[in-house]
Amino acid sequence: MNDYSSAENLRSGMLRASGLMVLEASSSFVGPAPMDAWRIIIGGNTVPTVGVATDSEFDYLSEVDRSWESVAEELGIFGNDGEFLISVAGSPMGRLPWARVRPDQDRSLARHLVSNPGEPEFVAMSVDARVICGVTTEEYEIWVVGAELA
């Protein structure tokens with residue numbers, strides 16, 4: 001199995017574990033590449049839409065999921081049947097094209113879409129490429145960042 005297939009299989013497993021159904025592992029989407037969306041989410045001038053403290057006194061990952069879901073819903077990330085595109089950070093998955101997904105069961109993206117345990121890193125885009133919503137782990141907070149694309 002080549003590195004690309006291994007990365008795609010790893011990501012598909014993470015997406016399924018997070019409660020998403022993978023509709024297309026390598027979407028034939030024509031539009032902004034995942035790295036274009038990542039640049040917006042992790043840019044030096046980025047201001048979070050919501051910041052969640054990584055305080056071990058409470059279940060901050062559940063709060064990240066609630067915050068991400070709320071921002072994504074407000075922006076209009078979810079299309080017909082809840083479909084959207086997603087990219088997961090980390091080597092070697094960060095180089096993959098968008099995966100097209102939709103909710104399959106109870107979701108827990110912040111627990112499963114991680115480079116390191118407790119540090120979620122993913123970005124989603126609407127299938128019409130109008131908006132993005134990403135989660136990135138900073139030093140003492142996890143940021144949820146939503147943005148409209150030009």
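The structure is a predicted model, in which local features require pLDDT of at least 70 and side-chain atom pairs count only at pLDDT 80 or more, while totals for chains, interfaces and linings use all residues. Residues are numbered from 1 along each chain as its sequence is written, and side-chain values use heavy atoms, with hydrogens and water left out.

The protein chain contains 4 helices and 9 strands; helices (H or I, at least four residues) and strands (E, at least two) are DSSP runs numbered from the N terminus. Along the sequence these elements follow the order α-β-α-β-α-β-β-α-β-β-β-β-β. The C-alpha trace spans about 40 × 35 × 30 Å along its principal axes.

Of the 150 residues, 44% count as buried, where buried means under 20% relative accessible area, exposed over 50%, and partly exposed in between (1.4 Å probe, protein chains only). Contacts, defined by heavy atoms within 4.5 Å, were considered at a separation of 6 or more; residues 24 or more positions apart account for 67% of them. The protein chain carries 10 positive and 23 negative charges, whose mean positions are 7 Å apart. In this count Lys and Arg are positive and Asp and Glu negative, whereas His and the chain ends are not counted; each charge is placed at NZ of Lys, CZ of Arg, CG of Asp or CD of Glu.

The structure holds 4 aromatic pairs. One of them is formed by Trp 68 and Phe 122, which are edge-to-face at 5.5 Å centre to centre with 70 degrees between the planes. This pair links distant parts of the chain, as Trp 68 belongs to helix 3 (residues 60-75) and Phe 122 to strand 7 (residues 122-125), 54 residues apart. Both Trp 68 and Phe 122 are buried. Phe 78 and Phe 84 also form an edge-to-face pair, because their ring centres are 5.4 Å apart and their planes stand at 75 degrees. Rings of Phe, Tyr and Trp (its six-membered ring) pair if their centres lie within 6.5 Å; planes under 30 degrees apart count as stacked, over 60 as edge-to-face and the rest as tilted. Phe 78 and Phe 84 are likewise buried, and ring pairs link Trp 68, Phe 78, Phe 84 and Phe 122 into a cluster.

Phe 122 is also among the residues touched by Gly 134, together with Ile 41, Val 123, Trp 143, Val 144 and Val 145, when residues up to four places away in sequence are not counted. Gly 134 lies in strand 8 (residues 131-137) and is buried, with 0% relative accessibility. The C-alpha atoms of Gly 134 and Ile 40 are separated by 9.2 Å, although these residues are 94 residues apart along the chain.

Two loop residues complete the description. Asp 81, in the loop between helix 3 and strand 3 (84-88), has a positive phi of about 60 degrees although it is not a glycine. Asp 81 is exposed, at 62% relative accessible area. Ala 129 has a positive phi of about 60 degrees and is not a glycine; this residue lies in the loop between strand 7 and strand 8. With a relative accessible area of 17%, Ala 129 is buried.
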